[in-house]
Amino acid sequence: MSAIAGASALQRPRVTTRTSRSPAGAVAAPLSIVRDPLRIVLFVLTILTISRVHEHYPTLAKLRPALLLVIASIGYAYLNPRYLTRTNVLRLWPMRLVAALGVLACCSVAFGISLGGSATFILGSYSKTIAYAFLIAVSIRHVRDLYTFVWAYVISCGILAFFSIFIFGISKSGGSNFARLNDLYTYDSNDLGVVMMVGLPLTLLLLTVERGTKRWFVVLTLIGISATMARSGSRGGFIGFVAVGVAALIIVKGVSAARKLFVLTAAIIALAVGAPPGYWQQMGTILKPEEDYNFSDRDGRKALVQRGLGYMADYPVFGLGIDNFTRAECTISPKLESLRTNGPIRCTPPHNSYLQAGAELGVPGFLIWVSLVMGGIFAPLRLRRRLPKSWRHGTKSQRFISGMTTFFPVAMVGFAVPSFFVSFAWMDTVYLMAALLTGLYVAARAQFQEDLSGSVRGSQIGPTKAVAGWRVRQSAWRWSMMASARRPAQ
């Protein structure tokens with residue numbers, strides 16, 4: 001990889017990054033949300049998929065709008081291929097890993113403990129998730145498409161924050177002595193933390209490039225996300241919040257330390273103001289894990305991990321079968337031996353995405369899934385080293401791509417940490433992030449070519465030399481970008 005980086009550094013041309021003109025000499029398209037039919041459908045689909053706002057309206061939910069939009073977008077894309085990227089997304093490592101997980105999931109149907117259970121899950125849910133991820137990936141042609149889908153995710157977080165603050169109720173549950181969100185019908189309060197911690201860095205990304213009314217919306221969304229994290233009462237979400245804050249301070253470049261601390265302080269204040277009674281006492285139990293039921297209970301997280309590792313050892317190649325962990329807990333679990341003496345048994349979900357991937361798809365599925373998550377953290381940072389440094393202060397499009405290579409890894413940290421406490425391996429979030437990372441590679445190359453072509457045409461160099469130089473340099477850049485994108489960071 002050092003050789004590739006060296007070749008890229010030596011052969012990459014100097015680009016006049018502040019140019020605002022296209023190859024034809026006209027003013028370049030501004031960075032704005034794309035409004036062609038396919039992008040509009042996928043924009044709405046992303047909002048419904050992430051926010052699940054349609055579940056608030058029973059009549060609308062019965063129509064299954066997300067499924068209808070998936071079908072509509074597939075049909076429209078098939079009839080209008082000109083709206084799709086010309087890049088083969090399967091040549092880029094994120095979508096290769098997504099495809100590999102899809103193949104392993106299908107194989108696990110035949111070799112798992114319940115053919116019907118896995119097949120039903122794939123046909124009813126997972127196939128839609130995979131199709132949605134590929135639709136997003138093939139629909140990102142340039143930076144404006146990528147910008148559109150990032151906005152869709154941030155708007156989704158804004159909707160979830162609004163519902164969490166003004167619609168969903170806070171109450172005490174079970175024997176707990178603190179109040180939290182308990183009346184959710186979209187996400188579990190712990191699941192909500194994963195979605196929001198991915199959205200927080202993407203919201204910060206938009207904050208660096210937006211101005212005016214849009215910026216105020218982004219600020220309100222940022223405050224709403226922080227308040228929602230407090231109202232959720234999720235300890236895993238709180239750990240994710242801390243991890244995102246630390247990652248932002250370390251990873252984010254081009255932003256002064258004072259501004260980082262200001263934004264972080266504002267988020268902490270919003271978290272403190274939104275915290276319900278007993279919140280900080282509950283978060284304090286994180287430091288005393290041995291006193292928590294998860295440490296000693298038969299259905300606690302420690303026992304679940306031990307049983308999950310046992311399932312992996314018993315089914316190392318194809319696993320229990322996708323979505324079969326809960327079924328295994330009530331059919332082949334070691335805790336069945338104590339059923340008669342200790343009362344009824346619970347069919348417990350894994351409560352750990354890494355454990356879920358390994359137990360249900362075996363060791364190969366675990367390695368692929370972890371590579372997808374970890375690669376999403378390190379690969380954009382490697383891409384950032386290959387981008388022109390002038391992009392950090394260039395046009396809005398250049399700053400967005402440069403910022404994406406910085407804030408996307410933080411967003412993946414926001415997924416990697418809290419997903420350790422929830423069953424999120426087969427949910428849409430990580431697959432959408434894989435599609436956005438694929439789109440980042442495509443958009444970066446398209447932006448580079450656009451800048452290069454514009455600077456060549458605006459120069460006084462003769463046509464023969466200019467075109468030849470552009471082709472040689474474009475080839476070197478494409479070779480470097482594709483080599484970087486075909487595999488995750490080690």
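**Note on the predicted model**

1. A search of the whole structure finds 1 disulfide, a disulfide being a pair of cysteine sulfur atoms within 2.5 Å. This is a predicted model, in which local features need pLDDT of at least 70 and side-chain atom pairs count only at pLDDT 80 or more, while totals for chains, interfaces and linings use all residues. Residues are numbered from 1 along each chain as its sequence is written, and side-chain values use heavy atoms, with hydrogens and water left out.

2. The disulfide joins Cys 330 and Cys 347, whose sulfur atoms are 1.7 Å apart. The link of Cys 330 and Cys 347 is left-handed, with -115° about the S-S bond. Cys 330 lies in the loop between helix 15 (325–329) and helix 16 (339–342), and Cys 347 in the loop between helix 16 and helix 17 (353–384), so the pair ties together parts that are 17 residues apart in sequence. Helices here are DSSP runs (H or I, at least four residues), as are strands (E, at least two), numbered from the N terminus.

3. Buried means under 20% relative accessible area, exposed over 50%, and partly exposed in between (1.4 Å probe, protein chains only).

4. Cys 106 is in no disulfide; the nearest cysteine sulfur, that of Cys 107, is 7.0 Å away. With 47% relative accessibility, Cys 106 counts as partly exposed. Cys 107 is likewise in no disulfide, the nearest cysteine sulfur being that of Cys 106, and Cys 107 is partly exposed with a relative accessible area of 27%.

5. For the chain as a whole, the secondary structure comes to 20 helices and 2 strands. Buried residues make up 54% of the 490 residues in the protein chain. Of the contacts (heavy atoms within 4.5 Å) with a separation of 6 or more, 79% are between residues 24 or more positions apart.

6. The largest nonpolar core has 128 residues, and those with the most contacts inside it are Tyr 126, Trp 369, Phe 400, Trp 426, Tyr 431 and Leu 436. Such a core is a set of buried Ala, Val, Leu, Ile, Met, Phe, Trp, Tyr and Cys residues joined through side-chain atoms within 4.5 Å. Helix 19 (residues 428–458) gives the most to this core, with 15 residues. Leaving aside neighbours within four places in sequence, the contacts of Tyr 431 include Val 98, Leu 101, Tyr 126, Trp 369 and Trp 426. A second, separate core of 8 residues includes Leu 304, Tyr 311, Ala 328 and Leu 355.

7. Thr 406 lies in helix 18 (residues 396–416) and counts as buried at 5% relative accessibility. Not counting residues up to four places away in sequence, Thr 406 touches Ile 251, Val 252, Lys 253 and Arg 384.

8. Which helix gives the most to the lining of the second largest pocket? Helix 11 does, with 7 residues. Helix 8 (189–209), helix 9 (213–232), helix 10 (235–251), helix 11 (257–274) and helix 18 each supply at least two residues of that lining. Of the 34 residues that line the second largest pocket, the closest to its centre are Leu 204, Thr 208, Val 255, Arg 259 and Phe 407. On a 1 Å grid over the protein atoms alone, a pocket is an open set of points where a 1.4 Å probe fits, with protein on both sides within 12 Å along at least five of seven lines; lining residues have an atom within 4 Å of a point.
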